[in-house]
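Colleague: Before I use this model, could we go through its overall form, its sheets and its charged pairs, one question at a time?

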Amino acid sequence: IPTLTYSGEPESITWEIAHSNIASIDEKTGEITGVASGETTAKVTLKDYDGTVTEREIKVIVKAIVPILEINEPKEFTFVYGDEASETTYTYDGSGKLDILIDDENVVAAEIEGNKIIVTPGNVGTAIITVKTPEIPGYVSVSRTINVTVLPKELKVSWSGDTFTYDGTEKKVEAIKQNIEEGDIVNVIHSGEKQTNAGNYTATIIGLDGPDSKNYTIENLENVSHNWVINKANRELTIIPDSLAVAYGTPEKITFTYTGEDVETNLSGYDNSVIKATLTDGNCSGEILVESIIAGEEIITVTVPDSKNYNSITKDIKVISSLATTEIVVDSELILDYKVIKEITYTYGGNGNVSVSVADPSILEIEHNSGEKKIKINPIKATQEWTTITIKAEKTDNYFETEATINVKVNKRLLEVKWSGDVFTYDGKEKKVEAIKQNSALGDIVNVIHSGD
């Protein structure tokens, strides 16, 4: 209320304000009430009874109120992407609704509920929330800020697998995202996650892409790398036959095939003084020529070594090496004439010592040439009985014992003679003809008995 000093007793005193939008005034008492900040003038009019009018003006300054606006703790927020909303409170004694301004609405959203400010994090980044009082008459607009930081979320992953077996197709491991927010599109960029050949490998997450990838980080990811393996495949080895009997002098063949990559196979395990095994390698196959040296039982181990993508494999072949059976081939029967020497030959393919014997040495004498496989037979006694010559080959490391028998009968020798004469002239003396023996055996004493001689 302005202080008014005057003399006398005026008829009336009235007050008025130049700008009612800045201040109002009680026209009787002069009480001034500010309406809005600004400057105006108030005028007082004194009217005397004699009609004299006196006016005075005063300058009226209406100052705006500075409202109290304070953000209570917390006054700043640090979120991890995907966190729930948080809140703070404020103190405000002004009039009118507070305004909220956000310099980056991709990072944060905010709203006022009662005396609370609800702060909801968005994408990774930093933003400033400005809480501002309204610009209304009588009040100064003030503002306070809230700093907000949204940090990227630490990506968690599990790996899709770690052990495979080679089959010629590409194998792949993959980091499976465990904590992606619903609706987000984030792709994991790998290295070393695809392989075909057998081996030990390491897959590594080297980055992220996709529309929402900036909201995630792998900086401290513990399992950013993953060791995985493609094991070598097992081979199949087929051997025909898987056991074998081989006789000396008659080689036998074994064939085999195997799956996987072609390698140089090898043989082992057998005694090469018992058998001889010759390997001919093919493409994922092979042939073994087995020859008997001496009788015995051996195991040939066929080994197909490992290769880039296949494990090694071994199989055993049981080999029974036996003696060969070979015959002595000779005539089974002989009819000889007394003391007519006969030479015969025989055949024998073995390597045993050959001996020849006679069942009755009084009938036959023999000479044996084993080198030429010949037997000279001298029948020294004629008889109607049969006797035998036995040819026998001894057992060796390579051949069984074998023998052959010749049945022999010795006939009497037909004596051949030549007569001494057949024509004579009478002279009174006795004449005589004589049978002269032509083929009697040397040393034999044989007398020819004549009649009419």
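What follows is a set of questions and answers on this structure.

Colleague: What should I know about the origin of the coordinates and the numbering?
Modeller: This is a predicted model, in which local features need pLDDT of at least 70 and side-chain atom pairs count only at pLDDT 80 or more, whereas totals for chains, interfaces and linings use all residues. Side-chain values use heavy atoms, with hydrogens and water left out, and residues are numbered from 1 along each chain as its sequence is written.

Colleague: How many helices and strands are in the protein?
Modeller: Both kinds of element are DSSP runs numbered from the N terminus, helices being H or I over at least four residues and strands being E over at least two. On that basis the protein has zero helices and 42 strands.

Colleague: What percentage of the 453 residues counts as buried?
Modeller: Buried means under 20% relative accessible area, exposed means over 50%, and partly exposed lies in between, with a 1.4 Å probe and protein chains only. By this criterion the buried part of the 453 residues is 33%.

Colleague: How far apart in space are N106 and T314?
Modeller: N106 lies in the loop between strand 9 (99–102) and strand 10 (108–113), and at 52% relative accessibility N106 counts as exposed. N106 and T314 are 208 residues apart in sequence, and their C-alpha to C-alpha distance is 67 Å.

Colleague: Which residue in strand 29 stands opposite T257?
Modeller: Strand 26 (residues 252–258) and strand 29 (residues 285–292) pair in the antiparallel sense over six bridges. Opposite T257 stands S285.

Colleague: Which residue of strand 4 stands opposite E16?
Modeller: An open antiparallel sheet has the strand order 1-4-5, and its edge strands, strand 1 (12–17) and strand 5 (53–62), each pair on one side only. Six bridges join strand 1 to strand 4 (residues 38–47), which run antiparallel. E16, K43 and E55 are linked in a network of salt bridges, a salt bridge being a side-chain nitrogen of Lys or Arg within 4 Å of a carboxyl oxygen of Asp or Glu. The residue opposite E16 is K43.

Colleague: In strand 40, what is the bridge partner of T387?
Modeller: Five antiparallel bridges join strand 36 (residues 354–358) to strand 39 (residues 386–393), and in strand 39 the bridge partner of V358 is I389. Strand 39 also pairs with strand 40 (residues 402–411) in the antiparallel sense, over eight bridges. The partner of T387 there is V408.

Colleague: How far apart in sequence are the parts that D444 and K339 tie together?
Modeller: D444 forms a salt bridge with K339, and the closest N and O atoms are 2.8 Å apart. D444 lies in the segment after strand 42 (435–437) and K339 in the loop between strand 33 (333–337) and strand 34 (342–345), so the pair ties together parts that are 105 residues apart in sequence.

Colleague: What distance separates the closest N and O atoms of K392 and E401?
Modeller: A search of the whole structure finds 15 salt bridges, among them the one between K392 and E401. K392 is partly exposed at 32% relative accessible area, and E401 counts as partly exposed at 48%. The closest N and O atoms of this pair are separated by 3.6 Å.

Methods: Pairing = 2+ DSSP bridges.
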